[in-house]
Amino acid sequence: MALPVRVVYCGAGYKSKYLQLKKKLEDEFPGRLDICGEGTPQVTGFFEVLVAGKLVHSKKGGDGYVDTESKFLKLVAAIKAALAQA
């Protein structure tokens, strides 16, 4: 069964950032993730990433975008841990 990864992003312009992240994660974990994105209808500034229902990255919480290798590797580590528990 694929691990659910949900990205809630500001629908006012962050869709391209979501699609870039989705592709990177799919390349890293081919066929192992069920990635869905949800653009908010209003301007929120959100770029929140949940792995198996657990918030692991929050732009609103101060994490910014997933725009560095270290931020991406933090997500990879969270996904690997969740896959190990599945």
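## A bridge in the sheet

Val7 has Val49 of β3 as its bridge partner. These residues sit in strand β1 (residues 3-10) and strand β3 (residues 47-51), which pair in the antiparallel sense over five bridges. Strands pair here if DSSP finds at least two bridges between them. Strands (E, at least two residues) and helices (H or I, at least four) are DSSP runs, numbered from the N terminus.

This is a predicted model, in which local features need pLDDT of at least 70 and side-chain atom pairs count only at pLDDT 80 or more, while totals for chains, interfaces and linings use all residues. Residues are numbered from 1 along each chain as its sequence is written, and side-chain values use heavy atoms, with hydrogens and water left out.

## Strand β1 and its partners

β1 and β2 run parallel and are joined by eight bridges. Arg6 has Cys36 as its bridge partner in β2, and Arg6 also stands opposite Leu50 in β3.

The order of the four strands is β2-β1-β3-β4, in an open sheet with mixed pairing. β2 (33-40) and β4 (54-58) are at the edges with a single partner strand each, so one side of each has no neighbour in the sheet.

## Helices across the sheet

Helix α1 (residues 15-28) lies across β1, β2 and β3. Helix α3 (residues 69-85) lies across β1, β2, β3 and β4. Contact means heavy atoms within 4.5 Å.

Terms used. Axes fitted to C-alpha atoms, helices over the stretch in contact; angles between N-to-C directions.
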